[in-house]
Amino acid sequence: MNELTIKDPADLLSFIGHTLGFWPKESLVCITLDNNKVGATLRIDLPRQPGHELPYARTVSSYLTSDTTATSIVFAVYTTTHCEPGQPKPHAATIAALTGVLAENGITIRDGIFVSNDTYSPYDSEPGQDISLPISTTEYSQVNAEFIYRGSTIEPTNKIMLPAPTQEAAKSIAVEERLHTISTQHPDDAAQEASQLWTRMLESKDFPTDEDCASLIASFQFPHIRDRLMADIPGIDEPPQHILFAQTNTPPKWSRIEWAQQLLLHAYTRTSPQHAAPILTTIGYINWWQGRGSKAHQYMQLALDTDPGYRFARLSDQMLGAGIIAGWNTNKDTAYKTQLDMP
């Protein structure tokens with residue numbers, strides 16, 4: 001594939017949309033640069049209240065400086081807040097704080113864009129100066145055309161849409177029967193059997209049978225088996241605790257992780273609400289590995305909707321709320337498309 005060249009703001013906004021996979025709302029998006037080479041892309045919600053600009057800037061800086069090669073950034077502020085005539089741009093205090101914090105770390109801000117519902121303009125334009133362009137012009141950018149040619153699309157929002165479960169009652173009975181069988185096995189034997197089944201699924205190009213789905217769903221209900229199966233996903237031969245927290249020396253096999261997510265979504269359609277929480281939480285955890293914090297949070301919330309007492313989902317969501325980044329995403333050589341999306 002040809003390398004992409006970002007020449008103007010329309011190209012930059014197209015790059016952001018396709019890299020994230022959706023149009024951000026009430027967000028700050030930053031892209032790190034090493035000379036003229038693009039590094040990591042970070043999306044984070046804008047601060048909701050004034051007075052928190054400096055802590056917010058420090059949080060953003062901590063994410064951006066995880067790209068140790070970054071020397072500068074470009075940013076885009078997406079907001080529905082209107083620019084008042086003669087007044088600074090919305091969130092000017094936040095950008096000022098971020099400029100100072102980044103400077104302390106040897107990183108400069110090269111450029112910024114202000115994006116409203118329908119238009120975009122330079123963030124540093126003079127108050128009252130109107131040099132905005134319609135968002136629709138991004139459709140004709142060279143970068144947008146190249147991404148579309150590669151099969152990429154931009155969704156209107158980041159909200160996840162789960163496929164509808166099928167034949168819940170019958171599938172629930174099959175899972176319960178398998179749960180009973182697993183509970184009679186020695187824990188190590190049950191984990192080994194589940195791991196072998198899961199590995200065959202991950203190495204196959206076809207979706208599993210309903211019977212195998214029932215076995216997989218049942219296995220995920222046991223925490224010690226669930227952790228073993230999650231550690232199997234990235235295809236890395238390192239200690240499971242290092243894999244789960246993305247702290248491995250070996251880069252993960254991202255195509256295998258993507259396939260695992262598809263398999264789990266397929267399994268979700270063949271389960272019932274009482275068995276769905278471990279599956280949804282694992283999908284959320286995969287999104288955390290991929291740097292998709294806001295999507296990971298949504299999956300954790302969906303898991304808690306089905307089972308408010310599911311501890312793994314609650315603890316994982318607390319980890320997300322603390323702003324903890326998966327270790328793979330602190331290294332551009334192991335990060336998933338060098339993208340971070342934090343709530």
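Visitor: Which helices and which strand each supply at least two residues of the lining of the largest pocket?

Guide: In this predicted model, the largest pocket holds about 790 Å³ of space, and 30 residues line it, with Leu20, Gly21, Arg292, Lys295 and Lys337 closest to its centre. The elements that each give at least two residues to that lining are helix 1 (9–20), helix 10 (254–268), helix 12 (293–306) and strand 7 (339–342).

Visitor: How many residues of the lining of the largest pocket are charged?

Guide: The residues closest to the centre of the pocket include Arg292, Lys295 and Lys337, and arginine and lysine are both counted as charged. Over the lining as a whole, 11 residues are nonpolar and 12 are polar, while the number of charged residues is 7.

Visitor: What handedness does the β-α-β unit of strand 3, helix 3 and strand 4 have?

Guide: Strand 3 (residues 72–78) and strand 4 (residues 108–115) run parallel and are joined by 7 bridges, with alanine 76 standing opposite isoleucine 113 of strand 4. Together with helix 3 (residues 92–104), these two strands make a β-α-β unit that is right-handed.

Visitor: How many residues lie between strand 4 and strand 5 in their hairpin?

Guide: Strand 4 pairs with strand 5 (residues 119–122) in the antiparallel sense, over 3 bridges. Within this pairing, phenylalanine 114 is found opposite serine 121 of strand 5. The two strands form a hairpin, and the number of residues between them is 3.

Visitor: What is the radius of gyration of the protein chain, and why does the chain count as being as compact as a globular protein of its length?

Guide: The protein chain contains 13 helices and 7 strands. For 343 residues the globule rule gives 20 Å, and the value for this chain is close to that, so the chain is as compact as a globular protein of that length, with a radius of gyration of 22 Å.

Visitor: Is histidine 180 buried or exposed?

Guide: Histidine 180 belongs to helix 5 (residues 168–183), and its C-alpha atom is separated by 9.1 Å from that of alanine 218, which is 38 residues away along the chain. In the chain as a whole, 50% of the 343 residues count as buried. The cut-off for the opposite class is a relative accessible area over 50%, and because histidine 180 has a relative accessibility of 55%, this residue counts as exposed.

How values were computed:
Residues numbered from 1 in each chain as written. Predicted model: local features only at pLDDT ≥ 70, side-chain atom pairs only at ≥ 80, totals over all residues. Heavy atoms only, no water. 1 Å grid on protein atoms, 1.4 Å probe; cavity = no way out; pocket = protein on both sides within 12 Å on 5 of 7 lines; lining within 4 Å. Points joined across faces, edges and corners; volume = space filled by probe spheres on them. Helix = DSSP H or I, 4+ residues; strand = E, 2+ residues; numbered from the N terminus. Pairing = 2+ DSSP bridges. Right-handed = clockwise from strand over helix to strand, strands pointing away. Rg over C-alpha atoms; globule rule 2.2 N^0.38 Å. Buried < 20%, exposed > 50% of the residue type's maximum accessible area, 1.4 Å probe, protein only.
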